[in-house]
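Please open the structure in your viewer and keep the selection tool at hand. The stops below take you from one selection to the next.

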Amino acid sequence: MEKLKVVELFAGVGGFRLGLENTELNRFEVTWANQWEPGKKVQHAFDCYASRFETGKHVNEDIAEVTDREMSETNADLIVGGFPCQDYSVARSLNGELGISGKKGVLFWEITRFIQNTIPKYVLLENVDRLLKSPSKQRGRDFAVMLSTLHELGYDVEWRVINAAEYGNAQRRRRIFIFAYRRNMTYGKEMAKLNGEDFLYNKGMFARAFPVKEEPYKNRVAETEISGDIVDVSDNFSFEFHNTGIMRNGEITTIHTIPVEEPATPLREIIEENYDGKYVVDGEKLEKFKYLRGQKKEERTAKNGHKYFYTEGGMSESDSLDLPGRTMLTSEGSINRSTHLIKMDGKYRTLTPIEAERLNGFPDGWTDTMPERTRYFCMGNALVVPLITRMGNEIEKIDIEYPENITQLELL
Ligand SMILES: C[S@@+](CC[C@H](N)C(=O)[O-])C[C@H]1O[C@@H](n2cnc3c(N)ncnc32)[C@H](O)[C@@H]1O
């Protein structure tokens, strides 16, 4: 069976690719990948990616420098990528390609350019869940600009906020996943016929991969419409998006869904039996951790001399081994309130780089091509790989269930 050609953007150390290469039908082939860490001479994530994956073209260049022609030559069927939550507001411009211009350096516009150049069947993106609510002064605007843009490009879009631990994984990591597919494909046409609730509770890609209860949380169901006028959306749109939703031909149904939970993997199960003594935390270092994790109410002085009380709630002294890990951040390798601290046989210690990899479901030693601090950093940036495998399993089945005859050029 013909493979689906995948382009991996913002590839990091390859979480999407690892997940997609593990699917049941093995239908994905990453043929082009891009990873570039701004401002860094040594490109650790890229070097790791290039050493772990042999096939396909690996490009270590600012995505903004990749030409339209190179993009179009990838002939992508699926574009995947995890990208930052930035300011997506736009203004009208006289010569922009979509007749609009967004802020410089905003990576979503590079994804848009890739889509315009390749018109893939599917797009699968990952972002922090804050995207649904940003910015705070015009809640939902950034996500709405994204939806409006994809709508204009001929795509319908499904989204779900997923906490990896709720579906059996070892980390409480909540991220939004966005699945877009061409509206004029057989799949798009069939999905357009469903009522919104049936779609989101049962038939959509996310409902198939990650079951939810067939009732909303606290009656939170809402509908709205999004115009194709992206500037109007950017200027005026504000809406409370829930954790699950669908936009079909600009019409949105969004529901706060409740996951059908699968038992999480407790930290205990991913802990290494033998570890280097350098991970043991005691003395001054332990005192610092205790202070950082503790409750605080202290007087501080601002730069302008103004005195104020800083308060912060306390955390447990160490992370319970009977629970999944907390969200791993890029600062995991430093002494920090968010860094995991575990206690075993009376000793405190931090996680080893291998344990950090296991929290995300990467193979042991995946990032051992780079310095240790960077290994934690890359894991803080990465995603929980088995989630992608579950999505990939459904996307490859969808692709078989709804065979497509139209060519890429027949999109709009
Ligand atoms: C959230 S991380 C994605 C991690 C990835 N999903 C993984 O599993 O490792 C975003 C990545 O985008 C890369 N990046 C940031 N700006 C970029 C640019 N202008 N061009 C290409 N890559 C960029 C960063 O170096 C980072 O590795």
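Begin by selecting D319 and R326 in this predicted model, where the two side chains meet in a salt bridge with an N to O distance of 2.6 Å. Both D319 and R326 are buried, so look for the pair under the cover of the protein, since buried here means under 20% relative accessible area. By the rule used for such contacts, the count comes to 31 salt bridges.

Next, select D87, K103, R141 and D142, which are linked in a network of salt bridges.

Now turn to R141, whose side chain meets that of D87 in a salt bridge of 2.9 Å, N to O; here the partners are 54 residues apart, with R141 in helix α5 (residues 141-152) and D87 in the loop between β4 and β5. R141 counts as buried because its relative accessibility is 9%, under the 20% limit.

How many disulfides does a search of the whole structure find? The search finds 0, and selecting C48 shows that the nearest cysteine sulfur, that of C378, is 7.0 Å away. C48 counts as buried at 0% relative accessibility, and C378 counts as buried at 8%.

For the last stops, go to the surface and select E197, E214, E223, E225 and E251, which gather in a patch of negative charge. One of these residues, E223, lies in strand β10 (residues 221-225) and is exposed, with a relative accessible area of 61%.

Finally, select M1, L25 and I400, which form a nonpolar patch on the surface with about 330 Å² of accessible area together. I400 is found in helix α13 (residues 385-401), and this residue is partly exposed, with a relative accessible area of 37%.

How values were computed: Residues are numbered from 1 along each chain as its sequence is written. This is a predicted model: local features need pLDDT of at least 70, side-chain atom pairs count only at pLDDT 80 or more; totals for chains, interfaces and linings use all residues. Side-chain values use heavy atoms; hydrogens and water are left out. Patches are made of residues with over 30% relative accessible area and no salt bridge: like charges are joined within 9 Å, nonpolar side chains (Val, Leu, Ile, Met, Phe, Trp, Tyr) within 5 Å. Accessible areas come from the Shrake-Rupley method with a 1.4 Å probe; for residues, only the protein chains shown count as cover. A salt bridge is a side-chain nitrogen of Lys or Arg within 4 Å of a carboxyl oxygen of Asp or Glu. Lys and Arg count as positive and Asp and Glu as negative; His and the chain ends are not counted. The place of a charge is taken as NZ of Lys, CZ of Arg, CG of Asp or CD of Glu. Helices (H or I, at least four residues) and strands (E, at least two) are DSSP runs, numbered from the N terminus. Buried means under 20% relative accessible area, exposed over 50%, partly exposed in between (1.4 Å probe, protein chains only). A disulfide is a pair of cysteine sulfur atoms within 2.5 Å.
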